[in-house]
Amino acid sequence: MSKAMAEALPFEAASDEDLELMLLIREYELTVLELFAEGLIKGTAHTCIGQEYIPVALNPFITDGDYVVSNHRGHGHYLARYQDAEGLLAEVTGRRGAVCGGVGGSQHIHRERFLSTGVQAEGIAVGAGIAWSYKHKKQEQAVFVYIGEGTFGRGCVYEALNFAGLWQLPLIIVVENNGIALSTPQSCAMAGSIEGRVRGFGIDYMRVESRDPGTVRVQVGESILQARKTCKPLVLEFITDRVASHSKGDDTRTAEELAAVQERYWYNRMKAAGGQRFLELEQAVRGRMRSLRDDVMGREEAVWSDV
């Protein structure tokens with residue numbers, strides 16, 4: 001990364017806790033890609049490399065009673081909430097100790113008040129229903145739903161936004177806009193803007209461009225608190241990047257586009273600015289992840305039981 005880029009896009013000094021969690025998500029995702037390359041994972045998986053900071057930044061605003069609805073690129077959402085890399089890796093590889101007994105795989109995870117689905121836009125519809133239940137029962141919890149910008153091509157997104165705006169639901173929609181849906185750039189698929197579409201339903205909106213967790217929290221904190229207090233929906237659009245391919249190796253971006261993504265990647269920028277502290281944290285997290293991989297892959301396959 002160039003010195004000019006580092007100076008133009010400074011980061012706050014991330015706490016060890018935030019940095020460690022972002023590095024955990026990154027190392028987990030790199031491990032998943034390694035296991036795929038070795039033929040040790042069945043099915044599919046979509047990594048969130050490049051977007052790790054988003055659920056880390058939002059996690060302090062999510063209470064135990066809140067519901068989180070994730071999507072096909074949801075490993076980071078789960079790890080930020082539970083820090084359970086062991087259970088998730090066992091799930092993805094179908095080994096004993098899996099959080100869903102090995103039948104959910106990478107995309108369909110359920111644990112307490114956490115749900116992920118590989119069906120595009122399904123999550124926002126389910127989230128709207130849960131949020132309505134919370135409001136109907138006069139509960140104070142909120143629902144956080146993660147979607148991508150490509151999801152705005154599905155009709156049920158607008159049905160859910162309509163219901164959320166009409167009924168004033170405690171629904172916080174987190175749009176992780178990495179600018180490309182599988183292989184289609186947003187500019188080729190969306191007329192207008194996400195903000196324009198959201199505000200058309202009378203829903204509050206905020207655009208977030210920072211990739212530093214502390215800065216993000218300062219920017220979004222008051223809006224999230226107000227959404228809770230007034231029981232109104234809120235859309236947070238994060239302008240981010242998907243560093244890795246769509247799933248395992250299907251990346252149609254040019255070398256120049258990928259180089260620009262690497263320039264913006266929080267990991268590269270924090271590593272350049274973090275010095276020895278960053279390197280020590282990364283080494284420690286990487287060591288734990290390698291040990292965890294050896295442990296999980298040494299287990300027997302998970303056996304499903306209805307009991």
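Buried means under 20% relative accessible area. That cut-off is used throughout these close-up views of a predicted model.

**View 1. Ala121 is a buried loop residue with a positive phi.** Ala121 sits in the loop between β3 (114–116) and α6 (122–136). Its phi is about 80°, a positive value, although Ala121 is not a glycine. Most residues other than glycine have a negative phi. Is Ala121 buried or exposed? Its relative accessibility is 5%, so Ala121 counts as buried.

**View 2. Cys231 also has a positive phi.** Here phi is near 55°, and the residue is again not a glycine. Cys231 lies in the loop between α9 (213–230) and β9 (234–239). Its relative accessibility is 19%. The cut-off for buried is under 20%. Cys231 therefore counts as buried.

**View 3. Thr151 is buried in a loop.** The loop runs between β4 (143–148) and α7 (155–167). Thr151 has a relative accessible area of 2%, so it is buried. Which residues does Thr151 contact, leaving aside neighbours within four places in sequence? They are Gln120, Ala121 and Val157. Ala121 is the residue of View 1, with its phi of about 80°.

**View 4. Met190 is buried in the loop between β7 (184–185) and α8 (194–199).** Its relative accessible area is 13%. Residues up to four places away in sequence are not counted here: Met190 touches Glu149, Phe152 and Arg197. Look at Met190 and Phe152 together. In sequence they are 38 residues apart. In space, their C-alpha atoms are 8.1 Å apart.

**View 5. Helices α2 and α4 cross at roughly 140°.** Helix α2 covers residues 16–37, and helix α4 covers residues 75–82. Their axes come within 10 Å. Angles over 145 degrees would count as roughly antiparallel. The pair α2 and α4 is therefore oblique. The crossing is right-handed. From α2, the residues in the contact are Leu21, Ile25, Tyr28 and Glu29. From α4, they are His75, Gly76, Leu79 and Ala80. Sorted by class, the contact of α2 with α4 has 5 nonpolar, 2 polar and 1 charged residues.

**View 6. Helices α2 and α5 run roughly parallel.** Their axes come within 12 Å and cross at roughly 20°. Angles under 35 degrees count as roughly parallel, and α2 and α5 therefore fall in that class. The crossing of α2 and α5 is right-handed. Leu24, Tyr28, Thr31, Val32 and Leu35 of α2 make the contact with Ala85, Leu88, Leu89, Val92 and Thr93 of α5. How many residues of each class does the contact of α2 with α5 have? There are 8 nonpolar, 2 polar and no charged residues.

**View 7. Helices α5 and α11 cross at roughly 45°.** Helix α5 spans residues 85–93, and helix α11 spans residues 266–297. The two axes come within 10 Å. The angle makes α5 oblique to α11. The crossing is right-handed. On the α5 side, Ala85, Glu86, Leu89, Ala90 and Thr93 take part. On the α11 side, the residues are Met289, Leu292, Arg293, Asp295, Val296 and Met297. By class, the contact of α5 with α11 has 7 nonpolar, 1 polar and 3 charged residues.

**View 8. Helix α5 is mostly covered.** Of its 9 residues, 8 are buried. They are Ala85, Gly87, Leu88, Leu89, Ala90, Glu91, Val92 and Thr93. What covers the buried residues of α5? The cover includes α2, α4 and α11. Just after α5 comes Gly94, with a positive phi of about 70°.

**View 9. The largest nonpolar core has 63 residues.** Which members touch the most other members? They are Tyr28, Leu58, Ile172, Ile224, Phe238 and Trp266.

Methods. Residues are numbered from 1 along each chain as its sequence is written. This is a predicted model: local features need pLDDT of at least 70, side-chain atom pairs count only at pLDDT 80 or more; totals for chains, interfaces and linings use all residues. Side-chain values use heavy atoms; hydrogens and water are left out. A nonpolar core is a set of buried Ala, Val, Leu, Ile, Met, Phe, Trp, Tyr and Cys residues joined through side-chain atoms within 4.5 Å. Buried means under 20% relative accessible area, exposed over 50%, partly exposed in between (1.4 Å probe, protein chains only). Helices (H or I, at least four residues) and strands (E, at least two) are DSSP runs, numbered from the N terminus. Axes are lines fitted to C-alpha atoms, for helices over the stretch in contact, and angles run from 0 to 180 degrees between N-to-C directions. Angles under 35 degrees count as roughly parallel, over 145 as roughly antiparallel, 65 to 115 as roughly perpendicular and the rest as oblique. A crossing is left-handed if the near helix is turned anticlockwise from the far one by less than a right angle, and right-handed if clockwise. Contact means heavy atoms within 4.5 Å. Ala, Val, Leu, Ile, Met, Phe, Trp, Tyr, Cys and Pro count as nonpolar, Asp, Glu, Lys and Arg as charged, and the others, Gly among them, as polar.
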